[in-house]
Amino acid sequence: MDTPSKYAELMVRRKLHESGEFEEPVSVMTHLKTRHGKSATDIFFTAVPTRLYQHYFDQIKAHEDNVLFFPLYGILFGVLKGTQSKEPVAVVFQYSRFADLIVGDHR
């Protein structure tokens, strides 16, 4: 993305709206942000409607017990970064009849 690192999330939200991916306000959860010079940034993120994001936090606040809220792709990416393979690998998290997948190498 051609933007300074500190504006990356703002530009992601803007591009998502411009592309029509979201028609409502969106919250961006950043998993990884790498700066390349002054005006280029790589960003790995999950975007969800702000309404849903806020709903999750309202539910968490209402619980008396401890609750964990985290982006699954951030965890999968962390596992991928920990691999030592020079070839691309797939990291899969399967739950019920669903699965989330990320493919890449340790870089």
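Of the contacts in the protein chain between residues at least 6 apart in sequence, how many join residues at least 24 apart? The share is 40%, where contact means heavy atoms within 4.5 Å.

This is a predicted model, in which local features need pLDDT of at least 70 and side-chain atom pairs count only at pLDDT 80 or more, while totals for chains, interfaces and linings use all residues. Residues are numbered from 1 along each chain as its sequence is written, and side-chain values use heavy atoms, with hydrogens and water left out.

**Overall layout**

The protein chain holds three helices and four strands. Read from the N terminus, their order is α-β-β-α-α-β-β. Helices (H or I, at least four residues) and strands (E, at least two) are DSSP runs, numbered from the N terminus. Along the principal axes, the C-alpha atoms fill a box of roughly 45 × 35 × 25 Å.

The chain has 107 residues, and 23% of them count as buried. Buried means under 20% relative accessible area, exposed over 50%, and partly exposed in between (1.4 Å probe, protein chains only). The accessible surface is about 8,100 Å², with 53% belonging to carbon and sulfur atoms. These areas come from the Shrake-Rupley method with a 1.4 Å probe.

Strands S1 and S2 run antiparallel and are joined by nine bridges. Two strands pair if DSSP finds at least two bridges between them. Leu32 stands opposite Phe44 in S2. The two strands form a hairpin with five residues between them.

**Positive phi angles**

Most residues other than glycine have a negative phi.

| Residue | Phi | Place |

Ser96 counts as exposed because its relative accessibility is 66%.

**Nonpolar cores**

A nonpolar core is a set of buried Ala, Val, Leu, Ile, Met, Phe, Trp, Tyr and Cys residues joined through side-chain atoms within 4.5 Å. The largest one has seven residues: Ala8, Val12, Leu16, Phe22, Val26, Val28 and Ile43. Helix H1 (8-19) and S1 each supply at least two residues of this core. H1 gives the largest share, three residues.

Leu16 also has contacts beyond its neighbours within four places in sequence: Glu21, Phe22, Val26, Phe45 and Ala47. Another core, of five residues, lies apart from the largest one and includes Leu76, Phe77, Leu80 and Val91.
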